[in-house]
Amino acid sequence: MAVTSSLPQDIDLSIGPGHRPADEHLAHLKLGRSFLAGPHAGEDIIRLRWYVRESDGALVGRVWFGPGAQGPPGHAHGGSMAAVLDEALGSSCWVAGHPVVAAELTTSFRAMLPLGTVATVEAWIEKADGRKLYPKGHILADDGTVYAEASGLFIEMTSEAFDALADRLE
Ligand SMILES: CCCCCCCCCCCCCCCC(=O)SCCNC(=O)CCNC(=O)[C@H](O)C(C)(C)COP(=O)(O)OP(=O)(O)OC[C@H]1O[C@@H](n2cnc3c(N)ncnc32)[C@H](O)[C@@H]1OP(=O)(O)O
């Protein structure tokens with residue numbers, strides 16, 4: 001059965017009060033864009049917008065999985081959810097002032113996520129030990145159903161190390 005269908009033109013990725021867009025954190029990182037939320041993200045795969053929750057600084061996203069993200073018929077591919085959680089866990093460190101890269105990521109898939117759903121992603125730093133940060137996160141339905149959850153080890157780098165990587169591209 002064909003999985004493509006006409007794509008909705010406008011998908012509402014807005015969030016309630018108490019959040020601000022996370023985009024400002026990209027500005028001083030020389031990174032330019034998010035892998036998944038950037039302008040080049042596949043429009044029929046994933047659409048994503050990141051926010052910072054004002055109350056606790058946690059990273060929150062609103063994400064839509066489209067027909068291009070299919071794994072099981074009509075439902076999101078596990079790799080697509082793992083990619084969202086990878087970026088969420090890493091970004092939760094970045095917005096807290098820790099420039100990190102991923103060293104380990106463990107993802108548990110708890111419930112199938114129907115394509116076309118707009119879900120919420122949350123990520124936060126559970127523990128920090130020197131350069132080692134241990135963030136956690138999950139993808140939730142609006143009724144609280146947990147689709148997937150992840151924990152990881154992310155290693156803090158110096159800003160200079162990231163700048164050097166970016167400078168090599170210029
Ligand atoms: C729109 C708005 C969005 C929001 C606004 C925020 C912006 C947000 C942008 C985010 C996006 C940017 C960044 C992309 C993030 C990737 O996509 S990362 C890509 C995937 N990851 C990689 O490619 C990393 C590859 N690995 C490496 O480069 C190196 O192995 C590492 C991780 C840097 C570590 O190397 P190192 O600095 O030499 O450190 P090293 O001394 O080996 O290890 C330090 C400690 O970590 C431990 N360790 C290191 N690696 C591992 C491992 N794999 N497993 C277990 N332990 C490990 C070591 O055992 C050591 O432990 P201790 O002995 O201190 O107890």
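## Terms and model

Two residues are in contact if their C-beta atoms, placed from the backbone, lie within 7 Å. Residues are numbered from 1 along each chain as its sequence is written. This is a predicted model: local features need pLDDT of at least 70, side-chain atom pairs count only at pLDDT 80 or more, and totals for chains, interfaces and linings use all residues.

## Confidence

The predictor's confidence in each residue is its pLDDT, from 0 to 100. The protein's mean pLDDT is 88, and 85% of its residues reach 70 or more. Residues 1-5 have pLDDT below 50, and this stretch has four contacts in the model beyond near neighbours in sequence. The model has an ipTM of 0.91 and a pTM of 0.87.

## Nonpolar core

A nonpolar core is a set of buried Ala, Val, Leu, Ile, Met, Phe, Trp, Tyr and Cys residues joined through C-beta atoms within 7 Å. Buried means that 20 or more other C-beta atoms lie within 10 Å of a residue's own; 12 or fewer means exposed, and in between is partly exposed. The largest such core has 33 residues. Met81 and Ile139 are among those with the most contacts inside it.

Met81 is in contact with residues including Ala76, Phe109, Ile139 and Tyr147, leaving aside its neighbours within four places in sequence.

## Ser151

Ser151 lies in strand E7; strands (E, at least two residues) and helices (H or I, at least four) are DSSP runs, numbered from the N terminus. Ser151 counts as partly exposed because it has 18 C-beta neighbours inside 10 Å. Leaving aside its neighbours within four places in sequence, Ser151 contacts Thr106, Tyr134 and Lys136.
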